[in-house]
Amino acid sequence: MAVAAPGTNGNSVYTAHERFSMDYTRRAPGSEWNYTAYTLNRFRYPEDPRLHLGGYVFAVRNLHGKRFLYLTDMYADQISIFRFNPETDGEVAIPSGLFLFKREHRGAWPPNRPAAPGEFIWRDRNGNGAFDLGEYERREGEGSSWGRFVDTRGDLWQAFDTAGIRQIPCEGLDRHGNPIYSYIAARTFPMPEPFNRLQRVVYQPETDTMYLAGFTSQHPYDEIWGVVGRVVCRYDRWSQGNRISRWQLTLPFRKGEPMKAMKAMHVEGDYLFAVDVREANVYVYRAS
């Protein structure tokens, strides 16, 4: 997976470990990219989550004039956050924060994590890129969900299967330049009509617009692993309490073989994109 950095018109693109420069005037297939930087330093930051959890970039955000990478994995276990300090580290992405959502975490990593089960947030409070004692905030329960999104303000949104929606706001940057998140600041919202199961969430703070995807009584849940769902709804004036959808879209869906189900969804500008799981067809809708 690759994500374009905001403000670069798609000319600077990040993957989990690399940055590429793009020249879209080159029309020959494969000629438009240039390998520009490797962003992982396993010697200076041996506890980098990319060395232990893997994952892929799903968001690049500019917050308070600084650039951040957000990575996740295919199992919805975690979101890891990376910052940049060009003066000290060049193009290296420095471990900055981590959400671990599962009750049981694989292996002994990360070090110094809370012994009790639950989910937790880590922030690199001393700026050394290591997982030290006193840098964790733990919460009872489990926060795993298929629906995960980081908006342009840095707020983390989660759409849970049946427990509604959670927003963990970004409360600015600390003195080392790490985004600040806390369970104390989290807000929860009940699942709106017409859904009975949520799978995806996309929020646009610039227009106060919420897009939710999942299943309804008319288009019920089918146990296909990790899909977007069968219905997408748009809600305007979300922060003002509106829960009446502007429109409801039924996505292409077919059970059995050949199966058709949407595996990915994103909204950018006035377009909603959905990608199916087998053939990788991209469906484009006008969000208005």
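How many nonpolar, polar and charged residues are in the lining of the largest pocket? The counts are 26 nonpolar, 11 polar and 8 charged. The model is predicted: local features need pLDDT of at least 70, side-chain atom pairs count only at pLDDT 80 or more, and totals for chains, interfaces and linings use all residues. Residues are numbered from 1 along each chain as its sequence is written, and side-chain values use heavy atoms, without hydrogens or water.

**View 1. Centre of the largest pocket.** The space amounts to about 1,200 Å³. Lining residues number 45, and Met-1, Phe-58, Phe-149, Met-265 and His-266 are the closest to the centre. A pocket is an open set of points on a 1 Å grid over the protein atoms alone, where a 1.4 Å probe fits, with protein on both sides within 12 Å along at least five of seven lines; lining residues have an atom within 4 Å of a point. Volume is the space filled by probe spheres set on the points, which are joined across faces, edges and corners.

**View 2. Strands lining the largest pocket.** β19 (262–268) is among the strands that each supply at least two lining residues. The largest share, 6 residues, comes from β19. Other contributors include β5 (56–63) and β15 (195–204). Strands are DSSP runs (E, at least two residues), as are helices (H or I, at least four), numbered from the N terminus.

**View 3. The second largest pocket.** Its volume is about 240 Å³. Of 14 lining residues, Lys-66, Arg-67, Phe-84, Asn-85 and Pro-86 are the closest to its centre. β6 gives the most, with 3 residues. The lining divides into 4 nonpolar, 4 polar and 6 charged. Ala, Val, Leu, Ile, Met, Phe, Trp, Tyr, Cys and Pro count as nonpolar, Asp, Glu, Lys and Arg as charged, and the others, Gly among them, as polar.
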